2 protein chains.
Amino acid sequence: MEKKHHVVVVGGGFGGLACVRALKQERVEITLVDQRNHHLFQPLLYQVATSILPTSEIAWPIRHLLKDRPEVRTLLAEVEGVDPEARELRFTDGGRLHYDTLVLATGARHSYFGNDSWESSAPGLKTLEDATAIRRRMLSAFEAAERSSDPEERRALLTFAVVGAGPTGVELVGIIAELAQRVLPSEFRTIDTREARVLLVEAGPRVLPAFPDGLSDYATQALAELGVEVRTGTPVTECDGDGITIGAERIPARTAIWAAGVKASHAAEWLGVAGDRAGRVPVGADLALPGRAEVFVIGDTAAVTNVDGTPVPGVAPAAKQQGEYVAGVIAARVAGRALPGPFRYRHQGSLATIGRRAAVADFGRIKLRGALAWWVWGIAHIYFLIGTRNRVAVVWSWFWSHTTGNNSARLITQGKQGIAVPRAPSVD
Amino acid sequence: MEKKHHVVVVGGGFGGLACVRALKQERVEITLVDQRNHHLFQPLLYQVATSILPTSEIAWPIRHLLKDRPEVRTLLAEVEGVDPEARELRFTDGGRLHYDTLVLATGARHSYFGNDSWESSAPGLKTLEDATAIRRRMLSAFEAAERSSDPEERRALLTFAVVGAGPTGVELVGIIAELAQRVLPSEFRTIDTREARVLLVEAGPRVLPAFPDGLSDYATQALAELGVEVRTGTPVTECDGDGITIGAERIPARTAIWAAGVKASHAAEWLGVAGDRAGRVPVGADLALPGRAEVFVIGDTAAVTNVDGTPVPGVAPAAKQQGEYVAGVIAARVAGRALPGPFRYRHQGSLATIGRRAAVADFGRIKLRGALAWWVWGIAHIYFLIGTRNRVAVVWSWFWSHTTGNNSARLITQGKQGIAVPRAPSVD
């Protein structure tokens, strides 16, 4: 039997999965390696963190998505390094895996801009565990406030600070504010959850910096209507378990969430190359590592320049397009066909929701805001979910949440490490 | 304002919640204390452990269930002890709470019959965390087997031992066997998941000991058809991370689950009374602590004798009936009405499923088995779920699982502590 060209893809996110899918019916065998067993629909992760959706509605076992592809093998393994000379991946358990072509699509984590100690006080939102940890902290803060007898402590427990006013930050504060204003008031007896303070802190001059000014202004106004305090032009200078400091102002806040920056995964270290400021691997116009034509890096872990010279943004559609592009290059090489031209990013538009009724959408010439934008956002996200089961389940969760005003997945799970327990004993 | 009689209920399970609900419109104020924020529908917990249902479909925030009861306050707090003289609860954080009447409904945990060290190797199934931990171990074992190159190790990874053949044990092995036989085969490339060995180990002479012989025989046969190895009359004598020992036989099994016994919560210690062999608090015919008429103990943490002299079983309907009964006693005392007679348990029948097509049901004179029993089981469980949202969601999950043969909630989450990693490095 002829030995087929072995493509190893690391990372089952949008980029890696798109690459594997686009290699269908090519003369290659594929191994998809991920340290998790599931593909995650990150654009809706904030809805898990805020208890609207259960975890399983936005995650799929990777090997299930590829079960009809007998030439694709899925491995749950953690990569430790790459040996480019031997063309081998090294795993943390000592295993090795030979590749003919390697595609690294390992994504990004949060960046605390050199203040990594802030992570334990202000977790970011990239994984299902991040989402359930944020959900636990947020819900536990309301619980602890209900038991606290110290007004100052209660105030700190009912202050929620989200750092970073990109789409994730805006989406998080919108739902947290609605939770405090509309969902929870009837359930607490001692506290009035409507007194909760929800802050959105942004170092730059305005919210949603990637959107046009008009939509940014609309978002600011819509957030104000939800009761969110927007603080722009104020970088965070300190962050601990008790609160955050912005400029000279100290804000006691027991719950802080980090949505301010990303840094790439360890792909640059694995390859032994210098990453850019965000740790991303600089790649050529064909998304290959310069000097290593058989190693591609795509998605949030790559620094990609578009054909027009602008940097390609770290968004899901860009990762998907890169995955498909690289699949085309690999297929052309294996088949001896002409190689495609340089990677060309097609921007499909930007969307962000504000609470459960409004959104902003920027499709270049067409700009939408309010309820219409929300519907466009909702339909687009249902469309991009995988499979009938999760589409129906998410629509049902949304329908329920919108008609009853209740968030159903309000579970505090996984131990006590994240519970914001009152410092002073509560006395009844 | 008149000071109302203060009823403190500890535990928001079936018993505690039934008590609070039955006290509606009585002249009392109520505090419901639980160390978790959610009420859990334990009869379907095995379906979370085996990846059929997501966690949020069988759990509800307790305070949400009681939001229309302004006289009920819900507290998330951990009880450390009771001071019966002062009529106070003590919390672990130093807080105290005065009661006029106390109802302890704190349930049970697993019992390892003196071998508590077995717990880390063979976790039990009582909480959502237990369920996701078992799910993680089970799915991780298949993942590790796919990577292992050692046939002996692979065999141990693909051996799943469930200890205890009551309804939970029978239900767990049924779904695990179906997972290995029908759901997973098309998703793995190196291993054949149909070679997985699923064992049900029981110290007693037969499976489902609480059911009549005929249904027990049917269950044994139905399990055999699913490929489950049933071993009765064989107590486990050793249990560690590598396997279990039954009698003289050592069975290498990386995944073991404990469904063999329960021990009561710490209520007896809190009260400073002697518990029975299972740690349960012996109570009188009115479910009150002898000599302490204002302290009731109900559900799995109480040793209750029925009016006919038989012990009341530790099942959900018994806990509910006890909660309702105690509510009646409290209401009568507060209102100065005549007290009800002794607690009388009405057995409503027993149900257990075997895989996704068969079940056994024992309603006294009426005994059912097979597909009809499965439908009775399914309809009964949907009926006992709370609220439209979760009923629809569970029906959708079941419909999907049955028609496509896929389990949707197959997520490995929450860290690596439970992953069955191959011992020898895998070599590709």
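## Symmetry

Chain B superposes on chain A with an RMSD of 0.0 Å, through a turn of 180° and a shift of 0.0 Å along the axis. The two copies are therefore related as by a two-fold rotation axis. The model is a predicted one.

## Interface

The contact draws 49 residues from chain B and 49 residues from chain A. On the chain B side, several elements each supply at least two residues: strands S4 (59-61), S5 (72-76) and S8 (96-98), and helices H3 (62-65), H4 (128-147) and H11 (388-404). H4(B) gives the largest share, six residues.

By residue class, the side of chain B that touches chain A splits into 20 nonpolar, 14 polar and 15 charged. Of the interface residues of chain B, 100% are also interface residues in chain A, so the copies meet through the same surface.

## Fold of chain A

Chain A holds 11 helices and 25 strands. Its C-alpha atoms fill a box of roughly 75 × 50 × 45 Å along the principal axes.

Buried residues account for 55% of the 428 residues in chain A. Among contacts in chain A with a separation of 6 or more, 65% join residues 24 or more positions apart.

## Helix H6 of chain B

H6 of chain B covers residues 167-183, 17 residues in total. From first C-alpha to last it reaches 22 Å, close to the 24 Å expected at 1.5 Å a residue. In H6(B), 15 of the 17 residues are buried, so this helix is largely enclosed by the rest of the structure.

Technical notes: Residues numbered from 1 in each chain as written. Chains lettered and ligands numbered in written order. Predicted model: local features only at pLDDT ≥ 70, side-chain atom pairs only at ≥ 80, totals over all residues. Helix = DSSP H or I, 4+ residues; strand = E, 2+ residues; numbered from the N terminus. Expected span 1.5 Å × (residues − 1). Buried ≥ 20, exposed ≤ 12 C-beta atoms within 10 Å, placed from the backbone. Contact = placed C-beta atoms within 7 Å. Nonpolar A, V, L, I, M, F, W, Y, C, P; charged D, E, K, R; others polar. Least-squares fit on C-alpha atoms with pLDDT ≥ 70 in both.
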